[in-house]
Each structure stands twice: as C-alpha cells, then as structure tokens.
Amino acid sequence: MNENSDLRINDKWIVSNRGKKNTVDPEKPYAWLIEKERTVSGKIEDFAIIFLTNRECPYHCLMCDLWKNTTDQSVRVGAIPDQIEWALNQMSDVKHLKLYNSGSFFDTSAIPYKDYERIASIVSEFETVIVESHPRLINEKCLHFRDLLKPELQVAMGLETVNLEILQKLNKRMTLDHFKNAVSFLTQNKILARAFVLLRPPFLSESEGVFWAERSIDYAFSIGVECCTVIPVRGGNGAMDQLLEKGQFSPPDIHSLETVLEYGLGLNAGRVFVDVWDLGTFSDCDKCFDKRTKRLIEMNLSQKITGREKCRCDSD
Ligand code: SF4
Ligand SMILES: [Zn+2]
C-alpha cells in the first residue's frame with residue numbers, strides 16, 4: 001500500500017471527513033433482529049440483537065461507522081430499558097440476547113449506570129446476554145452488572161489487529177496490554193470474552209491483511225478469548241473513503257475471508273465467526289458469490305471447514 005506520511009490520522013481528521021448522522025429516535029432502538037449462532041455448548045440457537053440508540057462513542061476509531069446511528073447527547077435515564085422492552089415486544093422469544101450500543105455498554109454516558117438494575121430485570125429470562133465494550137472501559141461496573149444479571153454475561157471487545165503500527169493508526173487509543181488486561185479481568189471474573197478482529201484494515205495489502213487477521217486470532221485465543229469474530233473492513237464512514245481514494249485502503253476479498261475463517265477453525269481453540277453482513281462489497285464474481293456466502297454461513301454455524309468453491313475468480 002502507498003505510504004501515508006502526508007496524513008495525520010487523529011480525531012479531528014476522522015470526524016471532519018464524516019457525513020451526516022442518520023435521524024434516530026432516542027426512545028427506540030435503531031434496529032433489532034434475530035440471527036442464528038452456534039453457542040459455546042455447540043447448539044445452534046436464535047440470538048436476538050438489539051441495536052440501542054444512545055450517545056455517540058467517545059472514541060473515534062478510523063474504521064468505525066457506528067456513530068451514524070447515535071445521538072449527540074446522552075439519552076434520558078430510563079430510555080435504554082424502555083428501548084429494550086419495546087424491542088423484545090416486537091420479537092419472538094429466544095434464549096440469547098446481544099445488546100449492542102454502537103459503543104461501549106460500560107460507557108455510563110451511553111448507558112446510564114442507574115439503568116443497570118432495570119435492564120437486568122427486563123432481560124432476566126434470557127440464558128445469555130452479550131454486550132460490547134472498549135477494553136479500557138472494562139472495570140468494576142461490569143461486575144456490578146454481572147451481579148445484577150440472572151443470565152450469563154459475555155463481553156465482546158474490538159481487538160482489531162495485533163499489528164502495532166496499524167493499531168496505533170486506527171486511533172482506538174488502545175494498546176495490546178489494555179486488551180489483555182481487560183480479557184484477564186473478565187476471565188478471572190468468569191465472564192467470557194469475545195474479540196472482534198479486522199480483516200484488512202487500511203495500509204495493508206491483501207496478503208498482509210490475511211496474515212495479521214490470523215495473528216490477531218492467535219493472540220486473542222492465547223490470552224483467553226473464547227470467541228473471535230472476523231470483520232472484513234469496509235469504507236463508507238468518510239475517513240475510510242478518503243483512504244480508498246488515496247490508495248491506502250482497499251476492502252478485502254471474500255476469498256480472504258474464507259482463508260481466515262478456515263485458519264481460525266483449524267486452530268480448534270474456540271469459536272470463530274465471520275461477519276456475513278453485506279458481503280457483496282467483497283466480491284465481484286456473480287458466479288460464485290452466493291455459494292461462497294452460503295459456505296461462510298454454514299461454517300459459522302457448524303464450526304467445521306467445508307470444501308471451498310472453485311471458480312474462475314480464484315486467480316484474480
Ligand atoms: S470504540 Fe468501537 S464504537 Fe467506539 S469508535 Fe471505536 S470501533 Fe467505534
Ligand atoms: Zn467466482
């Protein structure tokens with residue numbers, strides 16, 4: 001990839017490249033859905049995901065577009081439990097729940113501390129509750145929330161990449177020690193940790209993208225993470241589009257996503273998933289795209305490597 005010596009990636013530059021936020025209602029989640037996932041015990045079960053509307057994350061990571069569906073100000077105390085209650089009324093009963101808030105659940109400007117008790121009471125019928133957080137916000141508040149919860153708590157955190165130079169450029173304000181300490185804190189307190197791993201962040205070639213995603217999975221499992229989800233990096237947040245134009249970012253190819261999933265599953269070290277949302281961005285071959293997508297979904301669910309589709313695009 002081209003050098004980026006002329007570019008100063010910082011909060012100001014990242015935010016200045018943003019477009020407008022979407023209009024969101026602070027009283028309603030901005031999305032909700034049910035998807036299948038393989039559980040730790042190996043069953044394929046339904047997971048409800050509620051995408052809560054709340055105040056924007058204070059971090060400004062280079063690749064993040066989650067700010068699009070956030071508010072500028074904190075939502076009122078009571079709004080988050082109301083949103084959860086409302087969304088659950090729209091969905092059929094399932095056993096597992098992901099509460100994703102476009103930031104960190106333990107950021108009290110996003111999810112008020114005073115709301116923990118009511119949230120815990122609303123979700124008491126679930127078996128598992130999964131929230132997301134920046135590793136630097138993992139602390140005693142997690143334990144307080146865990147203690148209020150009847151379901152088992154799991155926490156998902158962005159490891160992103162173990163390439164130190166790239167991690168720094170992502171502006172996440174996180175070191176590997178922050179991540180490792182957060183995982184230790186969670187595991188010592190019997191909370192399962194999940195890691196998000198990026199496939200081909202900016203400034204990497206396709207093969208470097210695969211290499212660093214694989215090393216990131218290695219690292220995550222080596223420090224006690226139970227589950228890794230690989231996220232192919234996409235443009236669309238302004239800053240990433242600038243990098244795309246400058247030749248400093250290209251989205252990964254679907255073949256690379258297959259390679260990394262095969263690698264992760266082959267480790268037999270924990271669950272490995274790939275994010276299959278909007279995979280069309282990562283393929284320009286109509287002939288095999290549907291089959292590759294189907295294969296990735298199947299491997300996510302079975303956690304087994306299946307035969308890869310052969311196609312004329314393999315050598316592209
Ligand atoms: S910490 Fe997460 S939500 Fe916040 S900006 Fe970074 S990637 Fe986005
Ligand atoms: Zn093809």
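Which residues line the second largest pocket? In this predicted model, the lining consists of Pro 251, Pro 252, Asp 253, His 255, Thr 281, Phe 282, Ser 283, Asp 284, Cys 285, Cys 313, Asp 314 and Asp 316. By residue class, five of these are nonpolar, three polar and four charged.

The largest pocket holds about 1600 Å³. Its lining is made up of 50 residues, and those nearest the pocket centre are Phe 51, Leu 66, Phe 196, Ile 231 and Asp 275. Two or more lining residues are contributed by each of strand 1 (31-38), strand 2 (44-51), strand 3 (96-100), strand 5 (152-160), strand 6 (192-199), strand 7 (227-232), strand 8 (271-274) and helix 10 (289-302). Strand 1 provides the largest share of this lining, with five residues. In the lining of the largest pocket, 25 residues are nonpolar, twelve are polar and 13 are charged.

The largest nonpolar core contains 69 residues, and the members that touch the most others are Ile 84, Leu 99, Phe 106 and Phe 179. When neighbours within four places in sequence are set aside, the contacts of Ile 84 are Ile 50, Leu 52, Leu 99, Ile 119, Ile 122 and Val 123.

Definitions and conventions
Residues are numbered from 1 along each chain as its sequence is written. Chains are lettered from A and ligands numbered from 1 in the order in which they are written. This is a predicted model: local features need pLDDT of at least 70, side-chain atom pairs count only at pLDDT 80 or more; totals for chains, interfaces and linings use all residues. Side-chain values use heavy atoms; hydrogens and water are left out. A nonpolar core is a set of buried Ala, Val, Leu, Ile, Met, Phe, Trp, Tyr and Cys residues joined through side-chain atoms within 4.5 Å. Buried means under 20% relative accessible area, exposed over 50%, partly exposed in between (1.4 Å probe, protein chains only). Contact means heavy atoms within 4.5 Å. On a 1 Å grid over the protein atoms alone, a cavity is a set of points where a 1.4 Å probe fits but cannot get out, and a pocket is an open set with protein on both sides within 12 Å along at least five of seven lines; lining residues have an atom within 4 Å of a point. Grid points are joined across faces, edges and corners, and a volume is the space filled by probe spheres set on the points. Helices (H or I, at least four residues) and strands (E, at least two) are DSSP runs, numbered from the N terminus. Ala, Val, Leu, Ile, Met, Phe, Trp, Tyr, Cys and Pro count as nonpolar, Asp, Glu, Lys and Arg as charged, and the others, Gly among them, as polar.
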